[in-house]
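Biologist: Hi! Could you walk me through how this one packs together inside?
Modeller: Happy to. Let's bring it up.

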Amino acid sequence: PVVRRYLERLEARLGEGGFAPRVFLVQSNGGMCSLRSAAEQPARLLLSGPSGGALAAERLSRRLARPNLVAVDMGGTSFDVSVVQGHRIGLVTQGEVDRLPVRLPMVEMRTIGAGGGSIAAVDAAGRLTVGPRSAGARPGPVCYGRGGTEPTVTDANAVLGRLDPDFFLGGAMALDLAAARAAMQARIGEKLGLSVEEAAEGVLRVTNAQLAAAVRLSLFEKGLDPRDFALLSFGGAGGLHATEVAEELGIAEVIFPREPGTLSAYGILFSDLVQDIARSRLLRAEAANQAEIEALLAALRAEGEARLAADGVPEAQRAIEIAADLRYHGQAFE
């Protein structure tokens, strides 16, 4: 109901000025869907933003003749890792969001709570930690001057001179370096006996170690070697960390898009209209059940054609792919 009401308001407001476009939303699988489909199954939208970045990575891998890419998207609150192998991004039929299983196709991605707004702190054991708590957009990092008091990854970069305080956002926003230094000293430096610069450097070292660990896990669980990949860095904060993360992983090449902050939107421009339809049936995959399997596939195909027709896709532009998730007898997963 929440998503349906939001989409109804969106459509109504677009129509107020006589502007009535066909609106599509991006799904977790990298494809687009109509407002109707999104309202019926809003879980399809859970990873819609990050999936755009994965689509862009897949497209760039072809344009740059780099078949193997690790795409890392670092924004304000999270760090998303997706792997392009042989010019193709991976899809899974069951994902996980906030430790809850989601039985819908989605781009294969690993997300950790590490971004520019991730808060650095010293815990009770005297250990420096970064994230997953985030300062968000408001109040945001201390250097934004919006009331933030806890130092963040962005503040560490500002303290070390990696951000131009007079030309942040093209000069539209001045950074308060004095406030960032004071917070870094009070919350980190004094507790660990470090100078402001040492404290900021420590925050970045911890952060980069976490980022590298997420990439390493995404590759190692597939039996892949980081040295066979190039790193594609995007998102608002990605460029500040990419080279150190690549060095820690043994990756020799880092690729920076011209517009890293909007690469996910770029990927969405090349998204197809996609309908995923699934049915579960407990059958042995043997000749005796062929007729029932064929009837099941025919029903799925008919429903797919009907949905594409409802979305206004011309018959000549439709493509239907059939896949099956199977398990061996006695096995607990597909």
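Biologist: Which residues in helix 5 meet helix 6?
Modeller: This is a predicted model. In it, R181, M184, Q185, I188 and G189 of helix 5 meet V196, E197, A199, A200 and V203 of helix 6.

Biologist: And what's that contact made of, by class?
Modeller: Six nonpolar, two polar and two charged residues make up the contact of helix 5 with helix 6.

Biologist: How do the axes of helix 5 and helix 6 cross?
Modeller: They come within 9 Å and cross at roughly 75°. Angles of 65 to 115 degrees count as roughly perpendicular, so helix 5 is roughly perpendicular to helix 6.

Biologist: Nice. Switching topic: which residues of the largest nonpolar core touch the most other members?
Modeller: That core has 42 residues, and V70, F79, M184, V203 and V215 touch the most other members.

Biologist: Which element gives the most to this core?
Modeller: Helix 6, with 10 residues. Other elements that give two or more include strand 3 (69-74), strand 4 (79-85) and helix 7 (242-249).

Biologist: What about helix 6 and helix 7, how do their axes cross?
Modeller: At roughly 55°, coming within 9 Å, which makes helix 6 oblique to helix 7. The crossing is right-handed.

Biologist: Who meets whom there, between helix 6 and helix 7?
Modeller: N208, A209, L211, A212, V215 and R216 in helix 6 meet E244, V245, E248 and L249 in helix 7. By class, that contact has six nonpolar, one polar and three charged residues.

Conventions
Residues numbered from 1 in each chain as written. Predicted model: local features only at pLDDT ≥ 70, side-chain atom pairs only at ≥ 80, totals over all residues. Heavy atoms only, no water. Core = buried A, V, L, I, M, F, W, Y, C linked by side-chain atoms within 4.5 Å. Buried < 20%, exposed > 50% of the residue type's maximum accessible area, 1.4 Å probe, protein only. Helix = DSSP H or I, 4+ residues; strand = E, 2+ residues; numbered from the N terminus. Axes fitted to C-alpha atoms, helices over the stretch in contact; angles between N-to-C directions. Parallel < 35°, antiparallel > 145°, perpendicular 65-115°, else oblique. Contact = heavy atoms within 4.5 Å. Nonpolar A, V, L, I, M, F, W, Y, C, P; charged D, E, K, R; others polar. Left-handed = near helix turned anticlockwise from the far one by under 90°.
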